Amino acid sequence: MAMRRTAVAAVAVLTLLTTWGGAHHTTAAAAPKTAKTAETAKAAKAAKAEEECGVLATGASAAAEQAVGAACGQIGVWYTWGGGHGQQPGPTYGQVDPSDPDSAHDPERVGFDCSGLVRYAYHRAVGGDPLPGNAYHQFHSPHVQQRFTAAQGTAPLLPGDLLAWGSGGSIHHIAIYLGAGKMVEARESGTRITVSDVRLGGDYAGAVRIAPATAPGTFSTWGTDVWTHEEPSTGSPRVHRFPGPTTVRIECQKHAQSVTAQGYTNDAWSYLPEYGAWITNIYIKGAAWLDGVPTCP
């Protein structure tokens, strides 16, 4: 009888060990899968935010639309407290915000805070450094063309307008309006630049519109379905298609392949730095050789 009990006990222990080992193995195997699922979800969220980011309403100036495009190009970049306030506009390592424990890793991350993103976006849109300083300085910038109160909501706003939050004369957050009740923002430590619904409650302080200054070398294309190319030649790979007239910035121009189109013949090509591509001057409004644009080296 004792031997039977011993055998039964041994079987029970063996069964328990087998079960525990299987459970342990399953848990260990599930961990990478869970992490992978989380990374996939994060990537999908970032892709959706990038897809949603853009000019979502009509009526904005070309400069404002370009500022929106520049900000949207930073979707997924880290928020870093103090980021974007280097000598030149652009992403930088952040700092620790003494009031926010989530900023502990900001000195290790390259990115923007809210005003750093606004600064960069309008630098890319109009050149120079038109909106330096923090959110307060930007909300009260001499470049402000028009102001909107909190009570007006989003009804009068256009893409590129700057929305601000704060009270008692203090502005602590600023974002760029996209249209359709959406904005792009660098919100807080531990998050990345993303598209958000406009938050009109709380201490929303209103919005401002920046004067549509024209960047040096800004021109307009004409025609429909116009392609740019990797090199100043129609035989080189295509890069970007302009479905209709588009405002572009031209860095320089050069003589290269002669092109005949739309009843014109021209061997001048212009380089578009925002697209990393060339376009024949035939499709740029202006003289055959553009005034004020330097020759490419």
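**Labels and their grounds**

Mentor: Start with Asn-281, which sits in the segment after strand 16 (277–280). Keep in mind throughout that the model is predicted.

Trainee: Why is Asn-281 called buried?

Mentor: Its relative accessible area is 3%. The limit for buried is under 20%, so Asn-281 qualifies.

Trainee: What surrounds Asn-281, if we leave out residues up to four places away in sequence?

Mentor: Asn-281 touches Gln-253, Asn-266, Ala-268, Trp-269, Ser-270, Ala-288, Trp-289 and Leu-290.

Trainee: What makes the pair formed by the side chain of Asn-281 and the backbone oxygen of Ala-288 a polar contact?

Mentor: A polar atom of the Asn-281 side chain lies 3.1 Å from that oxygen. The cut-off for a polar contact is 3.5 Å, so the pair is within it.

Trainee: Val-293 also lies in the segment after strand 16. Buried or exposed?

Mentor: Buried: the relative accessibility of Val-293 is 9%, and the limit is under 20%. Val-293 touches Phe-219, Ile-250, Glu-251, Cys-252 and Gln-253, with residues up to four places away in sequence not counted. Val-293 and Glu-251 are 42 residues apart in sequence and 7.1 Å apart in space, C-alpha to C-alpha.

Trainee: What share of the chain counts as buried?

Mentor: Of its 297 residues, 38%. The chain has 4 helices and 16 strands.

Trainee: Which residues make the contact?

Mentor: From helix 2, Ala-63, Ala-64, Gln-66, Ala-67, Ala-70 and Ala-71; from helix 3, Leu-117, Tyr-120, Ala-121, Tyr-122, Arg-124, Ala-125 and Val-126. They divide into 11 nonpolar, 1 polar and 1 charged. Gln-66 supplies the polar residue and Arg-124 the charged one, because Arg is listed as charged and Gln falls among the others.

Trainee: Which residues of helix 2 are buried, and what covers them?

Mentor: The buried ones are Ala-63, Ala-64, Ala-67, Val-68, Ala-70, Ala-71 and Cys-72. Their cover includes helix 3, strand 6 (170–179) and strand 7 (182–185).

Trainee: Gln-66 is in the helix contact. What places Thr-247 beside Gln-66?

Mentor: Thr-247 is in contact with Ala-62, Gln-66, Thr-218, Phe-219 and Ser-220, leaving aside neighbours within four places in sequence. Thr-247 and Gln-66 are 181 residues apart in sequence, while their C-alpha atoms are 8.6 Å apart. Thr-247 belongs to strand 13 (residues 247–249).

Trainee: Why is Thr-247 called partly exposed?

Mentor: Its relative accessible area is 28%. Buried requires under 20% and exposed over 50%, so Thr-247 falls in between.

Trainee: Where is Thr-246, and what lies by its side chain?

Mentor: Thr-246 is in the loop between strand 12 (238–242) and strand 13.

Trainee: What makes the phi of Asp-225 and the phi of Gln-262 worth a remark?

Mentor: Most residues other than glycine have a negative phi. For Asp-225 phi is near 50 degrees, a positive value, and for Gln-262 it is near 55 degrees, also positive. Asp-225 lies in the loop between strand 10 (218–220) and strand 11 (226–229). Gln-262 is in the loop between strand 14 (252–261) and strand 15 (264–272).

Notes: Residues are numbered from 1 along each chain as its sequence is written. This is a predicted model: local features need pLDDT of at least 70, side-chain atom pairs count only at pLDDT 80 or more; totals for chains, interfaces and linings use all residues. Side-chain values use heavy atoms; hydrogens and water are left out. Contact means heavy atoms within 4.5 Å. Helices (H or I, at least four residues) and strands (E, at least two) are DSSP runs, numbered from the N terminus. Buried means under 20% relative accessible area, exposed over 50%, partly exposed in between (1.4 Å probe, protein chains only). A polar contact is a pair of N or O atoms within 3.5 Å; within protein, one must be able to donate a hydrogen and the other to accept it, and residues adjacent in sequence count only if both atoms are side-chain atoms.
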